[in-house]
Amino acid sequence: MGKVNILEKLINLADKLLEYFAIFMIGCSVLLAFVSVILRYVFGVSYEILTEISVYTIVYGVFFYMGPLIRQNEHIKMSALHEILSKKVLSYIDLLINIILALVFAFLIYGGYGWSFSLLDMKIKTLSGGMLLFVPALAILIGMVIGLVYSLLEIIKGVKIISAI
C-alpha cells in the first residue's frame, strides 16, 4: 500500500500544480486583455500579438487542466445513470469510459504530433505574424498527453475497484 499512497500523493501534487498553472494562465489572459484595451482606447495603439497571447493562455490553461478534471470524474458522463445502476455496473461503465478516453487521447496525440510539428517545419505564423502557430498548437498536444496519463491512471484505479467488488 505504500507505493499506492506515494503515487496518490504525487497525483494530488500534479493536480494542484496543474490547477495553479490553469489559474495563472487565465489570470495572464485577463491581464493581457486589460492591457490591450488600455493601450487601444487610452493610447490609440493596438498590438494584435497581445490579443493572441491572451487567447492562447486560456487554451493552455484549459488543456493543461483536462487531466485533473478526468480524475475528478468531471468528463462527459450521464449522472442520471449513477442514480439508477448498481455500483458494480457503474464501475464497469466508468472503466469503459476511461478506456475510450485513453484511446481517443492516443489517437489525438498521434495526429496532433504530426500536425504540430508540420506547423513548425513550415514556419507558419499566427494572424499577427508575431508568433509561430506551433506554440498554441503545442498546448493541444500537451493537453492530450496529460489527458492520456490521467485516463490510464483512472483505468488502473477502475480495475482495482472492480477487482475489490
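Glu8, with a relative accessibility of 35%, counts as partly exposed, on a scale where buried means under 20% relative accessible area, exposed means over 50%, and partly exposed lies in between, computed with a 1.4 Å probe on protein chains only. This is a predicted model, in which local features need pLDDT of at least 70 and side-chain atom pairs count only at pLDDT 80 or more, while totals for chains, interfaces and linings use all residues. Residues are numbered from 1 along each chain as its sequence is written, and side-chain values use heavy atoms, with hydrogens and water left out.

Let me stay with Glu8 and turn to its partner. The side chain of Glu8 meets that of Arg71 in a salt bridge at 2.1 Å, N to O, the term being used for a side-chain nitrogen of Lys or Arg within 4 Å of a carboxyl oxygen of Asp or Glu. That pair links distant parts of the chain, since Glu8 sits in helix α1 (residues 2-42) and Arg71 in helix α3 (residues 66-71), 63 residues apart; helices here are DSSP runs of H or I with at least four residues, numbered from the N terminus.

Arg71, at 17% relative accessibility, counts as buried, and Asp15 is buried as well. The side chains of Asp15 and Arg71 meet in a salt bridge at 2.5 Å, N to O, and this pair, too, joins helix α1 to helix α3, across 56 residues.

A further salt bridge, between the side chains of Glu19 and Lys16, has an N to O distance of 3.4 Å. Because Glu19 and Lys16 are three residues apart in helix α1, about one helical turn separates them. Glu19 is partly exposed, with a relative accessible area of 25%, and Lys16 is likewise partly exposed, at 41%. Salt bridges that share partners join Glu8, Asp15 and Arg71 into one network, and a search of the whole structure finds four salt bridges.

I would like to finish with helix α2. Ser54 lies in this helix, which covers residues 48-64, and at 7% relative accessibility Ser54 counts as buried. The buried residues of α2 also include Leu50, Glu52 and Thr57. Leaving aside residues up to four places away in sequence, Ser54 touches Ser29, Leu32 and Ala33, where contact means heavy atoms within 4.5 Å. The C-alpha atoms of Ser54 and Met25, which are 29 residues apart along the chain, are separated by 8.8 Å.

Key: Helices (H or I, at least four residues) and strands (E, at least two) are DSSP runs, numbered from the N terminus.
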